[in-house]
Amino acid sequence: MFKKISLAIIFASSLAPAVDDFSSERLLGIEVGYTTVNTKSEGVFDKSSSNPEFGLKLGAQNEEWRTTLHLNFMKTEERSYQKAMIDFDRFVWASLYKTDSIVFKPYLGGHIGWLRYSDDLFSDNGLAYGGQMGLTLNVLNEVDFDLGYRYTLTDIENVDDIGSFNFSVNYLY
């Protein structure tokens with residue numbers, strides 16, 4: 001357990017530049033996605049299922065960085081999970097020409113947090129971490145759309161990985 005906590009602290013502190021002079025916009029968003037969960041039993045790939053997921057986001061961003069706390073939920077008859085993650089995204093570049101009516105901002109980032117997973121055979125929770133990439137489209141001063149892919153690994157013994165395509169609408173205030 002100490003090793004996991006140490007790893008989380010090292011990961012979070014390595015992303016400290018994300019909080020440099022964060023005179024930023026705050027954001028509140030809703031998220032929908034299509035997620036694939038791969039599970040294993042006795043060390044061998046067992047099954048994969050793809051289902052919709054839903055989530056909420058709360059965070060802040062400036063021209064270079066975005067930090068968000070997001071909660072995601074997926075539930076079917078046989079499987080469910082809940083994730084609470086903190087994301088750190090770095091905007092790679094932005095189309096900031098005065099003639100642009102829509103600002104494109106591709107990003108790369110990482111996330112770390114907690115995952116609770118259950119299905120008809122077991123239930124467990126643990127550390128989850130991974131990376132994401134995507135494209136943010138700022139269509140209005142107060143609204144942006146976010147389309148991305150999030151890949152998550154976990155220390156839960158029977159969960160191999162989770163891949164999610166996500167679409168979110170964020171209100172900037």
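Q: A nonpolar core is a set of buried Ala, Val, Leu, Ile, Met, Phe, Trp, Tyr and Cys residues joined through side-chain atoms within 4.5 Å; which residues form the largest nonpolar core?
A: This is a predicted model, where local features need pLDDT of at least 70 and side-chain atom pairs count only at pLDDT 80 or more, while totals for chains, interfaces and linings use all residues. Residues are numbered from 1 along each chain as its sequence is written, and side-chain values use heavy atoms, leaving out hydrogens and water. Buried means under 20% relative accessible area, exposed over 50%, and partly exposed in between (1.4 Å probe, protein chains only). By these rules the largest core holds eleven residues: V37, M74, Y81, M85, L115, Y117, F122, A128, I156, V159 and I162.

Q: Which strands each supply at least two residues of this core?
A: Helices (H or I, at least four residues) and strands (E, at least two) are DSSP runs, numbered from the N terminus. The strands that each give at least two residues to the core are β4 (79-91), β5 (103-119) and β8 (159-172).

Q: Which residues does F122 touch, not counting residues up to four places away in sequence?
A: F122 sits in the loop between β5 and β6. Its C-alpha is 8.5 Å from that of N158, although the two are 36 residues apart in sequence. With contact meaning heavy atoms within 4.5 Å, and sequence neighbours up to four places away set aside, F122 touches Y117, I156, N158 and V159.

Q: Which residues does V159 touch, under the rule that skips residues up to four places away in sequence?
A: V159 is one of the core residues. Beyond neighbours up to four places away in sequence, its contacts are N38, T39, K40, Y117, F122 and T154.

Q: In what order do the elements of the chain run from the N terminus on?
A: The chain has one helix and eight strands. Of its 173 residues, 42% are buried. Among contacts between residues at least 6 apart in sequence, 57% join residues at least 24 apart. Read from the N terminus, the order is α-β-β-β-β-β-β-β-β.

Q: Which residues are the closest to the centre of the largest cavity?
A: Here a cavity is a set of points, on a 1 Å grid over the protein atoms alone, where a 1.4 Å probe fits but cannot get out, and lining residues have an atom within 4 Å of a point. Points are joined across faces, edges and corners, and the volume is the space filled by probe spheres set on them. The count comes to one cavity of 30 Å³ or more, and the largest has a volume of about 100 Å³. Of the 16 residues that line it, the closest to the centre are E31, K57, Y107, D146 and R150.

Q: Which strand gives the most to the lining of the largest cavity?
A: By class, the lining has four nonpolar, five polar and seven charged residues, where Ala, Val, Leu, Ile, Met, Phe, Trp, Tyr, Cys and Pro count as nonpolar, Asp, Glu, Lys and Arg as charged, and the others, Gly among them, as polar. At least two lining residues come from each of β3 (65-75), β4, β7 (143-154) and β8. The strand giving the most, with five residues, is β7.

Q: How far apart in sequence are the parts that R150 and E31 tie together?
A: A salt bridge is a side-chain nitrogen of Lys or Arg within 4 Å of a carboxyl oxygen of Asp or Glu, and the count comes to six. R150 is buried at 5% relative accessibility, and E31 is buried at 4%. They form a salt bridge with their closest N and O atoms 3.4 Å apart. R150 lies in strand β7 and E31 in strand β1 (residues 25-41), so the parts tied together are apart in sequence by 119 residues.

Q: Which residues do salt bridges that share partners join into one network?
A: R66 and D89 are both buried. They form a salt bridge, with the closest N and O atoms 3.1 Å apart. This pair links strands β3 and β4 across 23 residues of sequence. Through shared partners, salt bridges make one network of K57, R66, D89 and D146.

Q: Is Q132 buried or exposed?
A: Q132 is found in strand β6 (residues 123-138). Its contacts, not counting residues up to four places away in sequence, include D87, D89, Y107 and R150. With a relative accessible area of 7%, Q132 is buried.

Technical notes: 1 Å grid on protein atoms, 1.4 Å probe; cavity = no way out; pocket = protein on both sides within 12 Å on 5 of 7 lines; lining within 4 Å.
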